[in-house]
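Hi everyone, thanks for coming. Today I'd like to walk you through one protein model, piece by piece. Please have a look at it on the screen before we start.

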Amino acid sequence: MSAAPIAPPVSAPENTATSLISRLRDLVNPLTAGIVAVIVVCACVAVWLVSGHLPVGIVLGILIAAVAGVALLGLFAFTGETDILAGEGFRASDIVGALSEPAAVAAFDGHVLAVNPAWSDAGGGTKRLPQGEHAPALFVALREAKAQGIGRALVRLGGFDYEMVVSRLGEDLVLVRAASQGVLGNGLMLKHENPPAVQDDTFLPEVSEPHKADLPEAVMDAFAEAAPFGAALVAGNDLFAARITDFNTVFAALTELAPDKLTGLAFGDLVTENSRAALAEKLATHKSGPFDISLNVKSDRALQIYVSQVSGGYSLYLFDVSEQKKLEQTLVQSQKMQAIGQVAGGMAHDFNNLLTGFKFRNDQLLVNHPLGDPSYEDLNGIRQIIARAEDLVRNLLAFARKQTVKRVTLNVGEMVSEAEVLLRRLVREDVKLETEYGRNLPNVHVDKGQMEMVMMNLVVNARDAMRAQGGGKVNIRAASLSQDEAKDYGWPEAPAQGSALIEVSDTGPGIPPEILAQVFEPFFTTKPLGEGTGLGLSTVHGIIAQAGGHIQIVSPPGKGATFRIFLPVWIEAEKPEAEAKPEAAAKPVPKDLSGVGRILFVEDEQIVRGIAAHLLRQRGYEVLEAEDGEEALAIIEAEEGRFDLLISDVIMPGMDGPSMLKLARPILGDVPVMFISGYAESEFSDLLEAEQNISFLPKPLDIKTLAERVKEQLAA
């Protein structure tokens, strides 16, 4: 926004004369005429009563004196803010008009004299400066500007936070201008330094050094008394030893002390020992705040304080920033969980490649050392270890929401009933497992194996939590909830079609409030070292989120823990009736896994690519290898697309699998393509919407499954 042009300077005599004429013109009104008439009448009556007669000359003298007195009083005693500026040699509109950033000239009481278009566009008012919750630090900045010449505050204009610089203009006015736009809703100053007052030769009059050093008077004005934040005055040179002399009702409420006990109390007695040391260190930097502070109170509020030195003591301003801190913690927690999820997904992808290599090698050895061979038991033990590692990878992928999902439509009651058989094997004799579900429960669209894993993790956690008290009871309840009922239970984003509820509760000691917010974090566990990975509940959270549901914990102190799982009700879409087609015969599983064909195998992990290509060659296939998309594209062009099957990883350095296929498809023609990946198929399915003859095989692979799928694709 371009700055408004500055009016040409006006000489001081001309400016003064114009101001006097303007004020004389303003004085000519019915009010001043009435005042003069009352004065003249009263004076005439007084003269008549004293002397007994009233000459005309005396009446005229009284009239002239009354008019002159009222005029002088209006000219000098009632000089307005505009006259103050004129007396200093400039106009408010000139100041703000010369600035491109939002700016306003105002009095110390918040009354606005002039604003520029940028201030109005930003949402600033034209009558008063922002007040209350929109500018909690502005009052402090005004006091700093009055005492030191300049102050800073974070001010809300039109829904955005701006760092405002408040500069003193003369004795009674300030210039408020936006230095930079801050972060919406952070509630903290962007710059806490208090630089020395900078005098602008264009606008600011010279202020003598002795005046800069003056401290504001130690008084609690009406603004501070009615402020929505805590304000107090303390008397003394040392802040912590200074005694509280005055305070408003909000300050008393935040300190949780009765007014009679608060008066005369040393401020240091209100502050915790650790917070006192931190506050003293920050005050040594000669900043006014905001500083985090902890008081000796029962409530768990997040407080911040501003400290401003006044004559004979300090002014304290206390702000409750609990809601703001909660939002900040929620944002940080969300970002941390997202980052950990990305790391977990990447680790699982790499681990899947290693597991695939292990499985290929182990399967090859098992073929050469069948049952009865002395090495068979050892190799079979390795296969079981690999299976356990696969479960760990599935947990990581479920937490990262990248696990391959095979969703089916299941009735909630039947799902709990079938899982009950498995769950009873997990609990000991001292733990009683009960289920509670009725008929007519809704259907959900979930991965059956994942939901069994969810209930298994919750039941095992409940069993372990009750171990110290000698056992207890675990209850699994299933119910159907409407949208309003689900919202009342704790799912604000419940869908319109309603929700299915699966509730797992126990009679254990419950979850302490201080760790309740951490239970879904990966690798967080309260179990002894070596007894848990800390991935159980984070896996549960990832599975439910991937299914489009919600999980909530209710744990009153000492009354056990209840995990509520909400899943959206699945409603089958009505499809138009189509002509009945003869059922296709089921494809027979090939017994002979050998075959003939030309295959291009694209995989960036050499362990997987080398072993898989070797095993496929042993079964009669001609296999060419490529380590990335660029090399695969070059081979396809060199061979002119003469391949019977393309097998490719999805995620690779440089060009990924789907991108490579789009460029290679005109050369390959209708050659079938099999993608292999440790990530869920949904992660990249949108990249292949227009492709045909595409299949997917999840990692980790085994040679038998790979050989079967290759033969199926070539036979098709």
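Let me begin with a word we'll need: a residue is called buried when its relative accessible area is under 20%. Keep in mind that what you see is a predicted model.

With that word in hand, let's go to strand S9, which spans residues 303-310. Is S9 mostly covered or mostly open? Mostly covered: 7 of its 8 residues are buried.

Now, who are its partners? On one side of our story is strand S8, residues 291-293, which pairs with S9 in the antiparallel sense over 3 bridges. In that pairing, phenylalanine 291 stands opposite isoleucine 305 of S9. S9 also pairs with strand S10, residues 313-320, again in the antiparallel sense, over 8 bridges. There you can find valine 307 opposite leucine 316 of S10. S9 and S10 form a hairpin, with 2 residues between them. Have a look at glycine 312 in that turn: its phi is positive, about 85 degrees.

Let's zoom out for a moment. The protein has 22 helices and 22 strands. Of its 716 residues, 45% are buried.

Next, the inside. Which residues touch the most other members of the largest nonpolar core? They are Ile502, Phe563 and Leu567, in a core of 41 residues. Helix H16, residues 448-465, gives this core its largest share, 7 residues. If you click on isoleucine 502 and skip residues up to four places away in sequence, you'll find that it touches, among others, Val412, Met451, Met455, Phe563 and Leu567. There is also a second, separate core of 33 residues, including Ala106, Ala145, Val174 and Phe229.

My last stop is a pair of helices. In general, two packed helices are described by the angle between their axes and the distance between those axes. Here, helix H20 (residues 629-638) packs against helix H21 (residues 657-668) at about 5 degrees, with the axes 10 Å apart. An angle under 35 degrees counts as roughly parallel, so H20 is roughly parallel to H21. Where they meet, H20 brings residues including Ala632, Leu633 and Ile636, while H21 brings residues including Met660, Leu663 and Ile667.

How values were computed: Residues are numbered from 1 along each chain as its sequence is written. This is a predicted model: local features need pLDDT of at least 70, side-chain atom pairs count only at pLDDT 80 or more; totals for chains, interfaces and linings use all residues. Side-chain values use heavy atoms; hydrogens and water are left out. A nonpolar core is a set of buried Ala, Val, Leu, Ile, Met, Phe, Trp, Tyr and Cys residues joined through side-chain atoms within 4.5 Å. Buried means under 20% relative accessible area, exposed over 50%, partly exposed in between (1.4 Å probe, protein chains only). Helices (H or I, at least four residues) and strands (E, at least two) are DSSP runs, numbered from the N terminus. Contact means heavy atoms within 4.5 Å. Two strands pair if DSSP finds at least two bridges between them. Axes are lines fitted to C-alpha atoms, for helices over the stretch in contact, and angles run from 0 to 180 degrees between N-to-C directions. Angles under 35 degrees count as roughly parallel, over 145 as roughly antiparallel, 65 to 115 as roughly perpendicular and the rest as oblique.
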